[in-house]
Amino acid sequence: MELTPGDLLSEWKAGRFRPVYYLLGEESAAKADAVVRLKALFKADDFNLREFSGDPSSEQAAIIGEALTLPVFSDKRLVIVRNPKIPAEARAALAGYLKSFSPTTTLVLLSEDRRPDKKDALFNAASAAGVVCVFSPLTEEEAAERLLDAAKKAGKTLAPEAAASLAAEVGTDWGILLGELEKAILFSGKNTEIGLDAVSASMGFRKSVDP
């Protein structure tokens, strides 16, 4: 099954966690943010959370071993593989695990691949057992909407024209945009509203000036 990033968050908020999530796409900051949200909503303790960031070729046996391990004093376990490049041998091993996965484990795989390869055994196994989600670059409109939502969560009201200006000036990479929003929030001080002037001032160093 393929879902959008928004659909993923909705089912996590509803307390639904599938056996595997295969997260692909160029928007690395959005993928990282999704993993942070998943960890917070999953609420796995130290006994039931394992993260891997090394070479999947050398760690594949440990990854599968952790995925097959029963949870401790819980009914679920979370295993996250952060290395964005999964070589062919590791893909085959993980695909094999997903054909007879542990029902008490949620396995999260992150990849830099821009889009799914429907001939790839790992993609097919993940799609059959759980969810594949592609984090594509945001459009300017999507970036502006996310900025408005992020400002609201920070207790601020970002003017729509200010959000649009940020996305147009900075681009749509979410990690960079979030950094610029944090600067604008600091610049606004105690003001609850962030207008176009505040955003322009906080990111003024990015603009070329004709002396």
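Modeller: Two residues are in contact when heavy atoms lie within 4.5 Å. This is a predicted model. Among contacts between residues at least 6 apart in sequence, 75% join residues at least 24 apart.

Biologist: How many residues of the protein count as buried?

Modeller: The cut-off is under 20% relative accessible area. Of the 211 residues, 43% count as buried. The chain holds nine helices and seven strands. Its C-alpha atoms fill a box of roughly 60 × 35 × 25 Å along the principal axes.

Biologist: What makes β2 and β5 edge strands?

Modeller: Start with the order. The open sheet runs β2-β3-β4-β1-β5, with parallel pairing. β2 (49-52) and β5 (131-134) each have a single partner strand, so one side of each lacks a neighbour in the sheet. Neighbouring strands are turned by 15° against each other on average, direction ignored.

Biologist: How do you know that β1 and β5 pair?

Modeller: Pairing needs at least two bridges. β1 and β5 have four, in the parallel sense. Tyrosine 22 stands opposite valine 132 in β5.

Biologist: Why are the buried residues of α4 said to line one face?

Modeller: First, the residues. In α4 (88-98), Ala90, Arg91, Leu94, Ala95, Tyr97 and Leu98 are buried. Viewed down the axis, they fall within an arc of 155°, so they line one face of the helix. An α-helix has 3.6 residues a turn, so residues three or four places apart point the same way. Exposed Ala88 and Glu89 sit on the face of α4 turned away from the buried side.

Biologist: What covers the buried side of α4?

Modeller: The cover includes β1 (20-24), α3 (56-68), β4 (105-110) and α5 (121-129).

Biologist: Why is α4 called roughly parallel, and not oblique, to α5?

Modeller: The two helices pack at about 25°, with axes 8 Å apart. Angles under 35 degrees count as roughly parallel. That is why α4 is roughly parallel to α5. The contact is made by Arg91, Leu94, Ala95 and Leu98 of α4 with Ala121, Leu122, Ala125, Ala126 and Ala129 of α5. α4 passes α5 in a left-handed crossing.

Biologist: What angle does α5 make with β1?

Modeller: α5 runs at about 130° to β1, lying across β1, β4 and β5.

Biologist: What puts the buried residues of α1 on the same side?

Modeller: The buried residues of α1 (5-13) are Leu8, Leu9, Glu11 and Trp12. Their arc around the axis is only 165°, which puts them on the same side of α1. Among the elements covering them are β1, α2 (28-42) and β5. Glycine 15 follows α1, with a positive phi near 85°.

Biologist: Why is threonine 157 called neither buried nor exposed?

Modeller: Its relative accessible area is 47%. Buried means under 20%, exposed over 50%. The value falls in between, so threonine 157 is partly exposed.

Biologist: Where does threonine 157 lie, and which residues does it touch?

Modeller: Threonine 157 is in strand β6 (157-158). Leaving out residues up to four places away in sequence, threonine 157 touches Thr192, Glu193 and Ile194. Asparagine 191 is 34 residues from threonine 157 along the chain, yet their C-alpha atoms are separated by 9.2 Å.

Methods:
Residues are numbered from 1 along each chain as its sequence is written. This is a predicted model: local features need pLDDT of at least 70, side-chain atom pairs count only at pLDDT 80 or more; totals for chains, interfaces and linings use all residues. Side-chain values use heavy atoms; hydrogens and water are left out. Buried means under 20% relative accessible area, exposed over 50%, partly exposed in between (1.4 Å probe, protein chains only). The arc is that of the directions from the helix axis to the C-beta atoms. Axes are lines fitted to C-alpha atoms, for helices over the stretch in contact, and angles run from 0 to 180 degrees between N-to-C directions. Angles under 35 degrees count as roughly parallel, over 145 as roughly antiparallel, 65 to 115 as roughly perpendicular and the rest as oblique. A crossing is left-handed if the near helix is turned anticlockwise from the far one by less than a right angle, and right-handed if clockwise.
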